[in-house]
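Welcome! Take a moment with the sequence and the 3D view below, and then let us walk through how the chains meet.

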Number of protein chains: 4
Amino acid sequence: MAGSSFGTLFQITTWGESHGAGIGVVVDGCPAGLALSPSDIQAFLNRRKPGQNAYSTMRKEADEVEILSGVFEGKTTGTPISLLVRNQDQRSHDYSQIKDCYRPGHADYTFDAKYGFRDYRGGGRSSGRETIGRVAAGAIASLLLKNLGIQVQAYTKAIGPYTIPADEYDFSVLKSSPLCMPHLGYSQKAEEYLRTCMENQDSAGGIIECQIAGLPAGIGEPVFDKLDALLAHAVLSIGAVKGFEIGDGFEAARSNGSTNNDAFCLKDGQITKKTNHSGGTLGGMSDGSTVIFRAAIKPTPSISSLQQTVNSSMEEVDISVKGRHDPIIVPRAVVVVESMAALTTVDLLLRNMSASMDHLLRIYR
Amino acid sequence: MAGSSFGTLFQITTWGESHGAGIGVVVDGCPAGLALSPSDIQAFLNRRKPGQNAYSTMRKEADEVEILSGVFEGKTTGTPISLLVRNQDQRSHDYSQIKDCYRPGHADYTFDAKYGFRDYRGGGRSSGRETIGRVAAGAIASLLLKNLGIQVQAYTKAIGPYTIPADEYDFSVLKSSPLCMPHLGYSQKAEEYLRTCMENQDSAGGIIECQIAGLPAGIGEPVFDKLDALLAHAVLSIGAVKGFEIGDGFEAARSNGSTNNDAFCLKDGQITKKTNHSGGTLGGMSDGSTVIFRAAIKPTPSISSLQQTVNSSMEEVDISVKGRHDPIIVPRAVVVVESMAALTTVDLLLRNMSASMDHLLRIYR
Amino acid sequence: MAGSSFGTLFQITTWGESHGAGIGVVVDGCPAGLALSPSDIQAFLNRRKPGQNAYSTMRKEADEVEILSGVFEGKTTGTPISLLVRNQDQRSHDYSQIKDCYRPGHADYTFDAKYGFRDYRGGGRSSGRETIGRVAAGAIASLLLKNLGIQVQAYTKAIGPYTIPADEYDFSVLKSSPLCMPHLGYSQKAEEYLRTCMENQDSAGGIIECQIAGLPAGIGEPVFDKLDALLAHAVLSIGAVKGFEIGDGFEAARSNGSTNNDAFCLKDGQITKKTNHSGGTLGGMSDGSTVIFRAAIKPTPSISSLQQTVNSSMEEVDISVKGRHDPIIVPRAVVVVESMAALTTVDLLLRNMSASMDHLLRIYR
Amino acid sequence: MAGSSFGTLFQITTWGESHGAGIGVVVDGCPAGLALSPSDIQAFLNRRKPGQNAYSTMRKEADEVEILSGVFEGKTTGTPISLLVRNQDQRSHDYSQIKDCYRPGHADYTFDAKYGFRDYRGGGRSSGRETIGRVAAGAIASLLLKNLGIQVQAYTKAIGPYTIPADEYDFSVLKSSPLCMPHLGYSQKAEEYLRTCMENQDSAGGIIECQIAGLPAGIGEPVFDKLDALLAHAVLSIGAVKGFEIGDGFEAARSNGSTNNDAFCLKDGQITKKTNHSGGTLGGMSDGSTVIFRAAIKPTPSISSLQQTVNSSMEEVDISVKGRHDPIIVPRAVVVVESMAALTTVDLLLRNMSASMDHLLRIYR
């Protein structure tokens, strides 16, 4: 309950700072008997690694994962899985600027306000590198879900003013887009837009959408731990996220009941819905349709153009955040959103196991 | 961790069904020595009571609260505060329709999917009456915050297509608007719109906004239990909420860093921000500005016009949800959102107490 | 996490003071579909009710339970079960003595030290009446276990100097002993001893033993939430308990490995143990043998003979605790220990459901 | 809640297996600003290191700790502290015996029963090496307590039949006794006893006692999270512990109220107690006296004399556990008990910070 853990039965605890010894995560509660290799995790980490295209920081990090515990002869043992990624880029930087000034849009000021001081090297604990632990754990959650026939997939829906309409998605091109967009035309326009931002020493934001397919109905806890409430918690816990919506989201607020309600019908003898305005949940539990939600990502706060701020001597000063920064974090954040969605889903699946005497009798008959 | 509790140090556990014996909440972890009377709680409950205007259900409920424990000689004792509201409207209804059919937009189907059966009387646990426990607890949280100089205030920002621009708010008229809108002109247009919805046997949604003023900087836990993440969790746990945004929210996704970053400056020797695009948080901790967030509320799913659905014999049927329903729940949900915000804020304030050795020494010197 | 909850998946939250409106408990996480009637709970409550024999306080309390939620048509619904027992004996007593003085052996002083003041009426929250909530919840846990073929049974092993040797237990006489002892001879000697204590205005303690039979192997979480660790937590959380031991307990500390190790063998093709020095756990998990543990109960601190203490004006004074008190609480505490054991066992059974992919596939295949 | 975490506000999560890559712990919730160096932690780890005397295994392990996060410029930052100890003794052993057979007194069988298989190398997760994480975290907790004037000290009270009476303790000799006994005469007799055990290919148990001095009154949560209940939980979570008692413990069960109650009195104007039968707690909260409790430790189950067991082919076989084993683990477990006591105490101190409005106003005035 100290803030660095997420989940109740499938519980992750992350640790590590941007320029400390490394970043890691302990995954506790992973069921025994899941086949797991380092490459399963590495594949996820590679999706968030810096330096993969023109719109990403040049920081050199291999981000290689080591499994320290919890896996034996290629299978999870039921005991905690400890994962470690060493930081390589630990060379002594010049931190005098960031040490003395509160960068606008960053957590420098709030860390000092809370704790009295902070590890100022590269953002310390508030650095985007913290998400390495989430992604490493998300890889395991995602793998577990695949074993149950559940697929989680996130992608970039919008960058700046360019939003792909839902009926134009083409997931076959997803890997061809350096921005993780399921539409090459929009992807190219967005790239152009980003180049302009970079020329202006400015940055951009965007929207990530995520779908969870194959989830059985009834997953989620009715009152406070609704599936959508936990997804919102999970997604807003990612540094740059400023909004969350499920299904029609804010559009639903402008709609009418007759339009927004999804009619139930039968398909192949199964109950299903004619539409999916709800985004796959009813009363906080999965309704058998695909769960679909969106996260609003703010523009990267690190920009090299001049900004006004205050320094630690309580003087008003100007700051230009030096170094090469991501003009946008959306593409690298896609796998982070996907990881948080997978972690939330696994946790609620495990919690649902004790929902009924019928379930108990299937295990303890 | 069984889903009916919220908060870690200021923890509430709610219970109760729409047509059971009553609804209640246990508040555990309320600090000792807070002056508290039943009328403090009743005032909050009255704000969500049905039957107060033309846009609210006519169900007759006094919703009178009884304090069963945790208060002695007018002050909280530090032990759990148990609050009880008896259901009065328990007369035998005809539930045959709702018993056999899955109402679109409701949790009937998902409850059955999870548990195998459900208490079908008036929605059972998924009824809006469940929020009585939240509001009763929220009254205590709100009172505690007032003692620390922190004010939480929610209101209706939009109903259907009518959205009040932020620069036109007039909070002096809030109590005059039956829809809890801080602008009489918009309120009247929204009332007109609702009357049309009712004539069409339809319902409407809207947006609730909430402000937390006076919160010191540094409240919130850096990684998973960020202030905004917990507010999102809290707000999405309310039945009809489909979206959450803080500060500029989804608008931030379309903005640029140079615009979206809030410059720091000095005011009366204190650090403050020139703008508040962030909505009062940085890195998941309060930044000293007013916290401001919005919740998207879907249209009431209970409508009397004909809808398609499936019954428990797996037949496709039409349903018209009988009875007099709220054409909109937004005005009554305002105090629910405010309550959840107050509960979240108190919990994080308590958690922040152990943030530093400096704090410890102030208590245990 | 605020101290009035126990359990993680089968979670109880108790509330109430000795002379407040009532005592209650919310049980959250009980699986849906368990047949449950008020009489199941009442039967447990009656076992701890005062005034049933010469060695128990004469306080008149019907201790009738009301189920306020979570049960529909005779079955648990999976939503929180709220149970309420109204206090009847609320007439105005003379509390001047207890209000001003710290009774030795009681929590008067520590409550004041923690919270600054206390509800002094009859011990307030620290009264033995608090256990009503535990026993009401324990009845449900015990019923659930019976459905899985698991039996929990507690009884009095010792009172003062009279300890029944394990090989002389006769459980057929348990209900005939007013002291819940499985041996009539010892029971009679213990009654005699208690009468002497009462004549001397003194009180006595004893030892409660509890057995859990039919528990499958592997229940308990390997490291911090071992079955025995949680049983110890559960049992020590009962007011008067000063010690806990499992299996041979403190005797094991004086033993040797060659004696204390239980040899494994086969019986009817099943793995079993030749002896049960371990008390049914190995590495914190059930080993398939009967779990057996003991709790040491201190003598009732309320005695009418003169004691030295300090009053709230910081003066040293003498006190004689007035009124008719239980000369021993052991017999009434038997069902409390049994309840805590049942609650712990159910919680760990539910937690064990997600131990392996094999279990997951049995539910979500 | 997945079993490898302990504590709520000062929360530790341990991981690692006996012959995996290493052992570690994440400490989340440590207040910022505590001066901490690796040597503070190493000093604690050295107290449990093997191979320090004739009564301890010869396994060669440096057990050197690396601080991976959460400390900056010599002070804790408030973010999670990750500690890593690499296993050195990972050379390929012959595990055929332990792989196929269930060692009596070990967790081999229960791990298989729970998870379907196990990491059989050296006991895997159930190895005593798991306590490295506890001790590393305990060092931090202990240091924090010292900053508040609270001292935790554990020592060996008994080995086999040799128990030091409380009035003969001589703590000045504690470091001279290889068995951590505060009495050289008893220590020498115990050493002789252990040599006989070793000659007989047998092992011994004992009792560890622990004192917490300087704790203010009121620490502990009144109902389920009593100070003594959490200490019992903490101590029983250590592998070999079979019993726990606080104050007079089981002796209290044979006592009378007039003897067992501790009279209150004044000393230097402060409330104190004339005796300490209670062991420093009343109603589950510290009473200002020294907290004193004991843990019963069973004999090491690994013995080289012949034992009966069952193998994985379900055959009855004899086993002699090979290798050099600790004939007693008590001396090395002393620092583990001390660590668990320190962790429990810190956690409850942090939880107590939000006990009253008075405390809140001291932080947020």
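## How chain C relates to chain A

By what turn and shift can chain C be laid on chain A? A turn of 180 degrees and a shift of 0.0 Å along the axis do it, with an RMSD of 0.0 Å; the copies are superposed by least squares on the C-alpha atoms of residues with pLDDT of at least 70 in both. The two copies meet through the same surface, because 100% of the interface residues of chain C are also interface residues in chain A.

A word on the ground rules: this is a predicted model, in which local features need pLDDT of at least 70 and side-chain atom pairs count only at pLDDT 80 or more, while totals for chains, interfaces and linings use all residues. Residues are numbered from 1 along each chain as its sequence is written, chains are lettered from A and ligands numbered from 1 in the order in which they are written, and side-chain values use heavy atoms, with hydrogens and water left out.

## Where chain C touches chain A

Chain C and chain A each bring 26 residues to their contact (contact means heavy atoms within 4.5 Å). Between them they bury about 2500 Å², with 73% of it on carbon and sulfur atoms; buried area is the accessible area (1.4 Å probe) that two parts lose on being put together, summed over both. On the chain C side, C:M353, C:M357 and C:Y364 lose the most area to chain A, together 29% of what that side buries.

Zero salt bridges are counted here (a salt bridge is a side-chain nitrogen of Lys or Arg within 4 Å of a carboxyl oxygen of Asp or Glu). Eleven residue pairs are in polar contact, both at pLDDT 80 or more; such a contact is a pair of N or O atoms within 3.5 Å, where within protein one must be able to donate a hydrogen and the other to accept it, and residues adjacent in sequence count only if both atoms are side-chain atoms. Helix 9 of chain C gives the largest share of this side, seven residues; helices (H or I, at least four residues) and strands (E, at least two) are DSSP runs, numbered from the N terminus.

## Where chain C touches chain D

What does the contact between chain C and chain D take from each chain? It takes 105 residues from chain C and 105 residues from chain D. The area buried between them is about 8200 Å², and carbon and sulfur atoms give 62% of that. C:K114, C:F224 and C:K242 supply 11% of the area that chain C buries against chain D, more than any other three residues.

Two salt bridges are found across this interface. The side chains of C:E221 and D:K114 meet in a salt bridge, at 3.3 Å from N to O.

Strand 11 (residues 241–246) of chain C pairs with strand 11 (residues 241–246) of chain D in the antiparallel sense over three bridges; two strands pair if DSSP finds at least two bridges between them. Within that pairing, C:F244 stands opposite D:F244. A rotation of 180 degrees with 0.0 Å of shift along its axis superposes chain C on chain D (RMSD 0.0 Å). The two copies are therefore related as by a two-fold rotation axis.

## A sheet inside chain C

Chain C holds an open sheet of five strands in the order 1-2-3-7-4, with antiparallel pairing. Strand 1 (5–6) and strand 4 (65–67) of chain C stand at the edges, each with a single partner strand, so one side of each is left without a neighbour in the sheet. Strand 4 of chain C pairs with strand 7 (residues 81–86) of chain C over three bridges, and C:V65 has C:V85 as its bridge partner in strand 7 of chain C.
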